[in-house]
Amino acid sequence: MLFLVAALLLLGVAMGSVAHAPLPVTLVAAAVIGVWLLIFAIRERRGQHRTQPGHH
């Protein structure tokens, strides 16, 4: 429960920051985060395929 409260607090701080940032800055930050998440997802997927056959 404490983790959920902390996550919601951080989300509120992040959304407040975005509300005061100029639109181009917000779009660039969103693009950077999106690319980072895409790279993370690809690396995780590749790691699962590598470790899956040896995992019993």
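**Labels and cut-offs**

Author: Val18 is partly exposed, with a relative accessible area of 39%. This is a predicted model, where local features need pLDDT of at least 70, side-chain atom pairs count only at pLDDT 80 or more, and totals for chains, interfaces and linings use all residues. Residues are numbered from 1 along each chain as its sequence is written, and side-chain values use heavy atoms, with hydrogens and water left out.

Reader: Why is Val18 called partly exposed?

Author: Buried means under 20% relative accessible area and exposed over 50%, with partly exposed in between (1.4 Å probe, protein chains only). The value for Val18 is 39%, so Val18 counts as partly exposed.

Reader: Why does Val5 count as partly exposed?

Author: Val5 has 46% relative accessibility and therefore gets that label.

Reader: What share of the 56 residues counts as buried?

Author: The share is 0%.

Reader: Which helix holds Val5?

Author: Val5 is in helix H1, residues 2–20, and Val18 lies in helix H1 too. Helices (H or I, at least four residues) and strands (E, at least two) are DSSP runs, numbered from the N terminus. The protein has two helices and zero strands.
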